[in-house]
Amino acid sequence: MKRLITVVAAAALTVSAAVFSAPAQAASGGVATAADSASTPYVPPPITWGACSDPTLVHYGAQCGMLTVPLDYAHPHGTLIHLAVSRVKHTTPQSQYQGVMLVNPGGPGGSGLVLSIYQGFVPNNAGKSYDWIGFDPRGVGSSVPALSCDGNYFGYDRPYYVPVNRGIENAWLTKTKNYAKACTAAGGRLLDHLKTTDNVADMESIRIALGQKQINFYGFSYGTYLGQVYATLHPDRVRRFVLDSNVDPRRVWYQANLDQDYAFDTNMGIYFDWVAKHDDVYGLGNDGQAVERTYYRILNQLRAHPQAGGTIGPDEWTDVFLYAGYYVYGWTDIADAFSAAVNHGDYSKIKSLWDGANPQGPGADNGYAIYLATSCTDAPWPKSWSVWQRDNWRVYDKAPFETWGNAWFNAPCRTWTGKVADEPVKVSGRNAPPILLIDETHDAATPYEGSLEVRSLFPKSVLIEGVGGTTHAGSLSGVACTDNKIAAYLATGSLPDRRPGRRSDVQCDPVPQPDPSAAASGASASGSSHALLRTALSAR
């Protein structure tokens, strides 16, 4: 799924095939080896907890450590790698302790190390009876090794997303093939072991290392798929799961991206209507369709005349607006930049937004590299470019906003060399306990149909719908109707009643669209604590 989270700017080590042939001490953060034997299952050593280096984790009193796991669980005593883990311990009496709560932010490829701070953001102190466990999945962030292939891949001067001629198409085919080739050189054997099932096995290792019979889990976006697969493979180890913005397990992953394209087009229409509603602030017209035409007019101008010193072309323009399709949180900033560009010829705000979301340099592509490494190997992708051409031109005809940008984002999967699973895990929640599902009606990154499908696969689940909303992974954003039900579930295990039919069980307000006047005055619609959380975690 294209950018289920914002690409994380995390320090990442370049991985090479050679790193797996030289033993290193686990204490030094390297890769250790042991005599290979699959005769006994792997039992991880306990985590040695110590101080954290991240200032946000320090502020929230977290502890940090490294967990040693096998590169390949089929050979549990072979090559070992290390996962970065954080913990914010429960603050209730031991008699009220409810176990560990693992958190995953999505991606795949999102750094989750800082997410242990979520303990304090659940209403009514309902999170404080759990030990909250953040972790960087294998290959991500502070875990060792961390994959990086080309930290400048998303630099300026990329070809136009829409392949309107053979030259543009060939340029992108070459560019994406070269990125896959760079990952082959950087990743070596690691690329064969970055599937969702590997991450599920790592969650099991965390459970065992912490001495727990079951886990609780809070997953956003791709994290919901991680939770679905875990619950399928280990239903007896599931306690309380909250899954926000659910991946449709039937569509992993090629079809899922085509689904996104339609959904993002819908959301951009909603966004342009909002901009038009506030014409008194932005001066871009009072008709949403006219505002949309202005967006495409500027895009076409940028093809011939890039702005901001030649840095802002049509791709950068599209990238900045894409975030308006994900969440309402940045709507005012994007509209301010839109207005400045159209009304004053000032593209500096567009450039600032793009630069902030697209860091460059060594390790900057870590999140993207892992996104591909997991997505490309969880299930087969079409190898024939003619299939991609046919499908993406068909979708583009009805949903032009993001289709080709999304296609090129995923195109390295055509030539990816990591070992691909024959088919994705067949998700089933038949034996899982009651879990809580959350989504908004117009979620574009994981379209709402996915949450309805997961609800049908987990017969004891309950789905909360943010009616009419466009925000992806927006729980714990201050919407009381949703957040209080999360708190009740975590506190007692109780869920609202399940209703018959293929529908949501509870209808709540969505994360609210921003008020430009309130934004201009510095007010926060979501409250100061939630603004702090968003600042700490960046955009999901």
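A: Helices (H or I, at least four residues) and strands (E, at least two) are DSSP runs, numbered from the N terminus. This is a predicted model, in which local features need pLDDT of at least 70 and side-chain atom pairs count only at pLDDT 80 or more, while totals for chains, interfaces and linings use all residues. Residues are numbered from 1 along each chain as its sequence is written, and side-chain values use heavy atoms, with hydrogens and water left out.

Q: OK, where is Pro145 found?
A: Pro145 sits in the loop between E4 and helix H2 (166-187), and a cis peptide bond, with omega about 0°, joins Val144 to Pro145.

Q: And which residues does the cis bond with omega of about -15° join?
A: That cis bond links Val252 and Trp253, and Trp253 belongs to the loop between E6 and H5.

Q: Now the sheet: in what order do the strands come?
A: The open sheet has 9 strands in the order E1-E2-E4-E3-E5-E6-E7-E8-E9, with mixed pairing; two strands pair if DSSP finds at least two bridges between them. Strand E1 (63-70) and strand E9 (506-508) are at the edges with a single partner strand each, so one side of each has no neighbour in the sheet. From one strand to the next, the twist averages 20°.

Q: How many residues of E5 are buried?
A: In E5, 6 of the 6 residues are buried, so this strand is largely enclosed by the rest of the structure; buried means under 20% relative accessible area, exposed means over 50%, and partly exposed is in between (1.4 Å probe, protein chains only). Ile215, Phe217 and Gly219 are buried on one side of E5, and Asn216, Tyr218 and Phe220 are buried on the other, which leaves both faces covered.

Q: In what sense do E3 and E5 pair?
A: E3 and E5 pair in the parallel sense over 4 bridges, and Asn104 has Gly219 in E5 as its bridge partner. E5 and E6 also pair in the parallel sense, over 5 bridges, with Ile215 opposite Val238 in E6.

Q: What about E7 and E8, and which helix lies across them?
A: Strand E7 (residues 436-440) and strand E8 (residues 462-466) run parallel and are joined by 5 bridges, and Glu440 stands opposite Gly466 in E8. Helix H14 (residues 449-457) lies across E7 and E8, at about 165° to E7; axes are lines fitted to C-alpha atoms, for helices over the stretch in contact, and angles run from 0 to 180 degrees between N-to-C directions.

Q: Switching topic, how do H5 and H13 cross?
A: The axes of helix H5 (residues 254-277) and helix H13 (residues 403-410) come within 9 Å and cross at roughly 155°. That makes H5 roughly antiparallel to H13, where angles under 35 degrees count as roughly parallel, over 145 as roughly antiparallel, 65 to 115 as roughly perpendicular and the rest as oblique.

Q: Which residues make that contact?
A: Asn257, Gln260 and Asp261 of H5 make it with Thr403, Asn406 and Asn410 of H13, where contact means heavy atoms within 4.5 Å.
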